[in-house]
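The stops below go from selection to selection.

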Amino acid sequence: MRITTRNARFQVWQSLLANRKTRQREGEFIVQGVRPITLALEHGWDFRAVVFDESRTLSRWAAGILERTPSARHVAMSPELIAELGEKSEGAPELVAVVAMRPDALDRIATGEQQLTVVFDRPTQPGNIGSLVRSADAFGATGVIVTGHAADVYDPKSVRASTGSLFAVPTIRIPSPRGVVEWADRLDSRPLLVGTDESGDVDIDDHDFRGPHVVLVGNETSGLSTAWREAADLMVCIPMVGSASSLNAANAATAVLYEAARQRRRHAGGPPAG
């Protein structure tokens, strides 16, 4: 297939970049960049289309992506148009992928004694979602759950900020805390629900993060909702010095995840403290 004009198919793909309703209706989103596209393929995501620049000789990497996606539609596109899909101000990307969303099913998240799941409550910035997912991947979290009226997990800014970790860490959208709490209560190893707040009861380095946990991180402006505060088993805080009273939500989550990973690495094989 070849596209050199802004035909109907191009317009739908272009709309995936900015229109959440189009992404939801089509069940797909745009993936840009070598690392995100490679990780999406390595983790078995469904490629609907692979769009490539018709004006250049493809690199070994790009040719390999085409070879490994035989069921996807392969589309040669003029450099001017693919530059729009790649959202590049200078030059055209070699490849852009159109990838199917995965279901928002909580059973995608690994549970058990090593569970470390993060809830991001009502995030307003898609870039913060991607940054949090990247930290979750780096520190061994088993999944990320985005709750409430929130920015879109599949927004291009979120996908780019995750640098491909979105494809490695199950990231689920759930409308309200109730569905997550009920899911946690049904698990054989019921995780501790630990909220984060600058006025939390316990410093993160004084809390034992071994054993199954769900870490609750609030909205960038207003913090955790009342519903999540009531659901939390415990509220923790990050010890801080200096004039700053709080951290960016994604940075706060990173600090908590690092502490949890540090404790688990240090005490690998040992039981949680009673």
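Contact here means heavy atoms within 4.5 Å. Helices (H or I, at least four residues) and strands (E, at least two) are DSSP runs, numbered from the N terminus. This is a predicted model, in which local features need pLDDT of at least 70 and side-chain atom pairs count only at pLDDT 80 or more, while totals for chains, interfaces and linings use all residues. Residues are numbered from 1 along each chain as its sequence is written, and side-chain values use heavy atoms, with hydrogens and water left out.

**The two domains**

Colour 2-100 as domain 1 and 106-268 as domain 2; these bounds come from an automatic or database domain assignment. Their C-alpha centres lie 31 Å apart. At the interface, 14 residues of domain 1 are in contact with 16 residues of domain 2.

**The sheet S1-S4-S3-S5-S2**

Select the five strands of this open, mixed sheet, which run in the order S1-S4-S3-S5-S2. Strands count as paired if DSSP finds at least two bridges between them. At the edges, pairing on one side only, are S1 (2-3) and S2 (28-32). Now pick S3 (residues 47-53) and S5 (residues 95-100): they are antiparallel, with five bridges. Val51 has Val96 in S5 as its bridge partner.

**Helix H8**

Which residues of H8 (residues 177-186) are buried? They are Pro177, Val180, Val181, Trp183 and Ala184. Buried means under 20% relative accessible area, exposed over 50% and partly exposed in between (1.4 Å probe, protein chains only). Seen down the axis, the buried residues fall within an arc of 160 degrees, so they line one face of H8; the arc is that of the directions from the helix axis to the C-beta atoms. Arg178 and Arg186, on the other side, are exposed. To see what covers the buried residues, show among others S6 (116-121), S7 (143-147), S8 (171-174), S9 (192-196) and H9 (226-231).

**The cores**

A nonpolar core is a set of buried Ala, Val, Leu, Ile, Met, Phe, Trp, Tyr and Cys residues joined through side-chain atoms within 4.5 Å. The largest has 48 residues, and Phe29 and Phe47 have the most contacts inside it. Helix H10 (residues 249-266) supplies the largest share, six residues.
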